[in-house]
Amino acid sequence: MKWTPATIERKRVWDEGLFTLTVRAPEVQPFKPGQFLQLGMELPDGHLHRPYSVASPHGELLEFFIVMVDGGALTPRLWNMNEGDQLDVSEKAAGSFTLEHAPAASTLWLIGTGTGLAPYIAMLRTETPWLNYRKIVVVHGARYSRDLAYQDELAHYTSRNPGQFSYVPIVSREACSEGLSGRITTCIENGSLEDKAGIAFSKDCAIMLCGNPDMLNDCESLFAAREITKHKAKSPGQIVIERYW
Ligand SMILES: Cc1cc2nc3c(=O)[nH]c(=O)nc-3n(C[C@H](O)[C@H](O)[C@H](O)COP(=O)(O)OP(=O)(O)OC[C@H]3O[C@@H](n4cnc5c(N)ncnc54)[C@H](O)[C@@H]3O)c2cc1C
């Protein structure tokens with residue numbers, strides 16, 4: 001892996017342990033929204049690094065939306081970093097969780113849990129989804145309303161693109177006044193997600209799923225029952241998946 005230096009320009013804390021680092025890393029090569037870079041640092045026993053979706057399009061400043069994992073090797077270190085600190089970032093991005101790898105469709109569903117919102121923020125900041133889909137629905141699952149990061153930006157997209165864009169927050173551990181309460185899978189099963197978004201899942205959808213592995217597996221099974229399947233080059237379907245762990 002080739003590393004290049006990144007300097008933390010801003011640290012935005014959404015909640016304890018949930019944060020966005022904006023780093024200046026001018027040597028990172030151009031990448032597609034939805035791809036990931038490695039963040040890391042040299043330690044006495046070797047280089048410690050993990051992959052992170054970039055939450056912004058390519059540019060001199062790059063955003064990473066991160067949650068601290070208790071007992072994790074890297075995230076407690078990232079959480080303790082501040083403006084001006086330096087870390088390593090991989091020069092080249094990787095991954096195929098991009099709009100180019102999603103099927104052509106009328107509706108784009110961007111479904112994520114926790115920091116699985118990151119790749120969608122990067123995509124929505126470019127023209128591509130706005131030009132290619134009649135309807136875009138962002139579904140963000142979190143435990144508590146306070147963990148619904150990027151709400152102001154998403155609200156701005158709603159007001160700028162009425163009819164084209166819907167944002168549906170889903171909160172699992174408390175009532176959610178502006179969205180739905182429960183798990184994403186429950187809201188798919190009981191139809192409340194489609195009601196709230198004002199559109200149904202169909203074969204004319206591209207569905208991107210990102211985040212927690214249980215949510216990904218359960219969503220895949222629910223969609224399979226409706227003959228909505230993974231999109232592959234040899235067997236076109238609707239679903240593209242990014243698994244965080
Ligand atoms: C392609 C890709 C993109 C990713 N993008 C992001 C991102 O944008 N933001 C982000 O926060 N993370 C992202 N991750 C997860 C990230 O790479 C690390 O796994 C995570 O930050 C934990 O690292 P750690 O060294 O602190 O924990 P580790 O010591 O590596 O692992 C501890 C354990 O925690 C679990 N774990 C990992 N992530 C989580 C989580 N979010 N919540 C609960 N448990 C978890 C795993 O079971 C893991 O074995 C991404 C992973 C992949 C594969």
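Ala, Val, Leu, Ile, Met, Phe, Trp, Tyr, Cys and Pro are counted here as nonpolar, Asp, Glu, Lys and Arg as charged, and the others, Gly among them, as polar. The legends below describe a predicted model.

**View A. Residue classes in the shell around the ligand.** In this predicted model, the ligand is surrounded by 20 residues, of which Arg50, Gly72, Leu74, Thr75 and Thr115 are the closest. Sorted by class, the shell around the ligand holds 12 nonpolar residues, together with 6 polar and 2 charged ones.

View B. Two or more residues of the shell come from each of strand E4 (46-53) and strand E5 (61-67), and E4 gives the most, with 4 residues. Considered by domain, the shell draws at least three residues from domain 1 (3-90) and at least three from domain 2 (99-243).

**View C. The two domains and the contact between them.** The protein chain is divided into domain 1 (3-90) and domain 2 (99-243), and the C-alpha centres of domain 1 and domain 2 lie 24 Å apart. To the contact, domain 1 gives 14 residues and domain 2 gives 15 residues.

**View D. The side of domain 1 that touches domain 2.** The elements that give two or more residues to this side are strand E1 (3-15) and E5, and the largest share, 3 residues, comes from E5. By class, the residues of the side of domain 1 that touches domain 2 comprise 9 nonpolar, 3 polar and 2 charged.

Terms used
Residues numbered from 1 in each chain as written. Predicted model: local features only at pLDDT ≥ 70, side-chain atom pairs only at ≥ 80, totals over all residues. Near = placed C-beta within 6 Å. Domains from an automatic or database assignment. Contact = placed C-beta atoms within 7 Å.
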